[in-house]
Amino acid sequence: MQKIKSLMSRQGLKSPQESMADMSPVENFRIPSKEELRELREQPIDPQAEQEIIDSIEEVYFSSDSFDMVQYELEKLPPDLNLQELEEYRDKLKRQQAAVSKKVADLILEKQPSYVKELERVTSLQTNLQLAAVICTNARRQLSFAKEGFTEASLGLLANQRRRQLLTGLLKSLRTIKTLQRTDVRLSEMLEEEDYPGAIQLCLECQKAASTFKHYSCISELNSKLQDTLEQIEEQLDVALSKTCKHFDVSHYTKVQLAYSLLGKTQTAMDQLHMHFTQAIHNTVFQVVLGYVELCAGNADTKFQKMQYKDLCTHITPDSYIPCLTDLCKALWEVMLSYYRTMQWHEEHDKEEAADPDTDGTSNESPGDSTVGRSYVKKKLEHGLSRIWQDVQLKVKAYLLGTDMSNFKYDDFIVVLDVISRLMQVGEEFCGSKSEVLQESIKRQSVNYFKNYHRTRLEELRMFLENETWELCPVKSNFSIAQLHEFKFMGQCRSPSVSPSRQPASSEIVELSLFEQYTQGGNPFEMQIDNKEEETEDVLASNGYESDELEKSVYQDYDSDSDVAEELKQDFVDEQTGDIPAKSVSRETLRSRKRSDYNLNKANAPILTNTTLNVIRLVGKYMQMMNILKPIAFDVIHCVSQLFDYYLYAVYTFFGRNDMYESSGLGLISSRLRTTLNRIQESLIDMEAGGESVGPHGPPEERKEKVPSPHLSQLVVLTASGTLYGLAERVVATESLVFLAEQFELLQPHLDTMMPPAKKPFLQQFYSQTVSTASELRKPTYWIVAAKAIDYEQMLLLMAGVKWDIKEIMSQHNVYVDVLLKEFEQFNKRLGDVSRQVRIPLPVSNVLWEHCIRLANRTLVEGYANVKKCSNEGRALMQLDFQQFLMKLEKLTDLRPIPDKEFVETYIKAYYLTENDMEQFIKNHREYSMKQLANLVNVCLGSHINKKARQKLLAAIDDIDRPKR
């Protein structure tokens, strides 16, 4: 419609004919004129022919409005033009044009009425639009007048009123903002006063107020500033929280916890607290160790500050090791005590909250969250116990392993053990930990130290033994190992380093834990470690018995045993079993033994040497170390056993080793003792110490654990007959060993409690196979004395001069018996002389007499076996001689029964046996030598049996002797 209107306005209303006249030349070319239309209308044309003409028009003419038909037709012209053809083609085009024009004219004429009618409607519409434009113009004019007269004035008043209200509110907001900006000063003051809850409360209120005015641009800056202030408060609060790790203050910690509660960060605070405790442990130990390292270095070198803690520990000097360790433990104690008091505070706080739930009204947490928070804090604190203790252990472990303590003095190392033991007690009370890390590290150091210490002590023991003159060390008659400083720890009811779990339970006395004792102040590591008693040991006798008067005064009351220790009132060790009878010895028994005991009234004085005393002291030191440090108990007990083994082996090597043992046939060394000596020699004695090179079975690491065999001091003479071949020294040696064994027996219950259950069989084997064999060493030790004290060879010579093939029974014994008895009397006298130097205990005198009598009896048998001819009267004389010998001998000794009495009597009676009985006798009595049995066959039966029977008996003797070869 708009297009039609614009067309009408530009051209006006024209008739269709006029409109057609205005068409372009091209359109004019296409649309025929009126005359042509009339002519065309008037021309009678067949519609079908006309349609065929139109259909013959090429399709390209209908393709587009912009089609240039002239250009098209010109391009179609052939290169060579033919006028006739051109005219014919032109006529064809004209016919086509005429047909099209006629068709168009028919269509236009057909639609003309509709065109006229529509044109009229358009004209009417234009008129209506002009009227509407006039109405709108008038309305605009009226509206403009109303605006100027009423609306602007009234609405202006309303806008001013609204602006006034907004400005009033803005003034109020600005005043509030000004107040908010001034709170910064107050917050700083509160932080300086450490009023963290008040500062947080104020800051949170300011943030809440600032959020109300967040639409102001200045508030965003203020809000950011308040947020920074709140973060600053949290940082200072974190610093304040870290201070509680070293010095816990209830009021200070209460403020800090309340502040975190206001922030709603109770759980975060607990996480931070554990981080601070971990950091506090690290910083504390680092500063303590650094201080000592720099102090010992003596220069201002800062390289130590950049070191790792583990490396720093390696620069501690031995002199400053113990003070530094003590200060380290003191500092760590303060941290653990702070943690302990922190837990106490939370326990009390939880009880108060449970009793009065409204007390937590200041917190920003809901009741449910508060319960969850308390549960989290409780679990976190309980879990933190083991973490804190683990950190403490690792720090102390690094310190312990940072220094080689193998060359420390014994007392210094005991101090270290005592401090660590007390620290382990703290750990047990702190979190119930067994302190495996500390135990392992101190065990490593202890084993290392102890091996080195033990090796040195064994070398010292070898030196002592090689310089020992085996003289009596004069001690009081009531001497006991409990009187030595080294065994004082056994008399104490409880060492300060022993954990409470080791204490006997008591219903009356409730012992406070270390944390309860030192909650208000003090430190368990401030105890004086070197709390040794100043009293001196009083174990040596006055003047070493140099004066006869003093000696007499010491021993004048032989019968009085009021000052005898209980263990010394026990009976003597039984020679056969090595056991100590349970019942004590009666006074009558002591008196009856007085005559046989070469003691000069010194019955109660223990026989020991300086070396024995040193070994006992060493055992005390070892046990003291073992008492403090249970994990190395087995290693220590093993080393204790080596001390005894080496002492036993030395006594055997010095006084008991002799190649004539086996040939004697006396069984001087029992199989148990021989096994023990072989074991000691293989495991402890370095047999190649004198050689230049190590043998194939002696690698350096094995030899390192062994000690060279000791050599007897040149000052000790064992070949002089005047001293009974060193009898005094032999008595001191064997009896000091027996005394040492007795002390070990007394210590067995204590050692047994220390020994781990899995290792107890070792201890039992040590006592049953080694300690109990100490008394068995008497036999081989005194055998050489008995063998040389009596001249048995002279007796054989005298017996060889006696005529045994006599024809009548004699009433007088032979001279050799008197000579032998005189030898025994002389021996008895010389025993008395030796007893003036050293007490000869009854078991020793019994062993000596037993050896002498056995050797004498065997010499008699050997003498009888040398007889070439013997009559029945000669055999009776042998019996008479032997009976005379026994009768006189029983007056010299209390030893009953007389040893080997049956050995002689059986041999003499064998002279009366028949041939058959003699064969059985040979089989049953293998204790006699081949020569002695052969003499019985040749001398006794020679005249009664034929040669064949004699050969048979001699063959039987040879068969018996063959396995012995």
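Me: I'm looking at helix H29; what covers its buried residues?

Reply: This is a predicted model, so keep that in mind as we go. The cover over the buried residues of H29 includes H28, helix H30 (815–835) and helix H31 (842–865).

Me: Which residues of H29 are the buried ones?

Reply: Helix H29 spans residues 792–800, and its buried residues are Tyr792, Met795, Leu796 and Met799. Looking down the axis of H29, you find these buried residues within an arc of 100°, so they line one face of the helix.

Me: And which exposed residues sit on the face turned away from the buried side?

Reply: That face of H29 carries Glu793, Leu797 and Ala800.

Me: Let me step back. How many helices and strands are there in the protein?

Reply: The protein has 36 helices and two strands. Of its 965 residues, 42% are buried. The accessible surface comes to about 53600 Å², and carbon and sulfur atoms hold 51% of that.

Me: What share of the contacts between residues at least 6 apart in sequence join residues at least 24 apart?

Reply: That share is 80%.

Me: Now aromatic rings. How is a pair of them described?

Reply: You give two things: the distance of the centres and the angle of the planes. A search of the whole structure turns up 34 aromatic pairs. Take Tyr61 and Tyr72: their ring centres are 5.9 Å apart and their planes stand at 85°, so this pair is edge-to-face. The pair links distant parts of the chain, with Tyr61 in the loop between helix H5 (47–55) and H6, and Tyr72 in helix H6, 11 residues apart.

Me: Is Tyr72 buried, exposed or something in between?

Reply: Tyr72 has a relative accessible area of 21%, so we call it partly exposed. The cut-off for buried is under 20%.

Me: What about Tyr649 and Tyr652: how are their rings arranged?

Reply: Their centres are 6.4 Å apart and their planes are at 55°, so the pair is tilted. Tyr649 and Tyr652 both lie in helix H22 (residues 633–656), three residues apart, which is about one turn of the helix. Tyr649 is buried at a relative accessible area of 1%, and Tyr652 is buried too, at 11%.

Me: Which residues form an aromatic cluster?

Reply: Tyr410, Phe413, Tyr449, Phe450, Tyr453 and Tyr622 form one.

Me: On to charges. How many salt bridges does a search of the whole structure find?

Reply: The search finds 22 of them. Lys102 is in helix H7 (residues 83–192) and Glu50 is in helix H5, 52 residues apart, so to speak a link between distant parts of the chain. Lys102 is buried, with a relative accessible area of 12%, and Glu50 is buried at 9%.

Me: What is the N to O distance for Arg778 and Glu735?

Reply: In that salt bridge it is 2.7 Å. Arg778 belongs to helix H28 (residues 778–789) and Glu735 to helix H26 (residues 727–754), 43 residues apart. Arg778 counts as buried at 2% relative accessibility, and Glu735 is buried at 7%.

Me: Which residues are linked in a network of salt bridges?

Reply: Glu850, Arg854, Arg858 and Asp900 are.

Me: Last one: which residues make the nonpolar surface patch of about 440 Å²?

Reply: Val70, Leu74, Leu77, Leu81 and Leu86 make that patch. Leu74 lies in helix H6 (residues 69–76) and counts as exposed, at 51% relative accessibility.

Definitions and conventions. Residues numbered from 1 in each chain as written. Predicted model: local features only at pLDDT ≥ 70, side-chain atom pairs only at ≥ 80, totals over all residues. Heavy atoms only, no water. Patch = residues over 30% accessible without salt bridge, like charges linked within 9 Å, V, L, I, M, F, W, Y side chains within 5 Å. Areas by Shrake-Rupley, 256 points an atom, 1.4 Å probe, with all protein chains shown as cover. Salt bridge = Lys/Arg side-chain N within 4 Å of Asp/Glu carboxyl O. Helix = DSSP H or I, 4+ residues; strand = E, 2+ residues; numbered from the N terminus. Buried < 20%, exposed > 50% of the residue type's maximum accessible area, 1.4 Å probe, protein only. Contact = heavy atoms within 4.5 Å. Phe/Tyr/Trp six-rings, centres within 6.5 Å; stacked < 30°, edge-to-face > 60°. Arc of directions from axis to C-beta.
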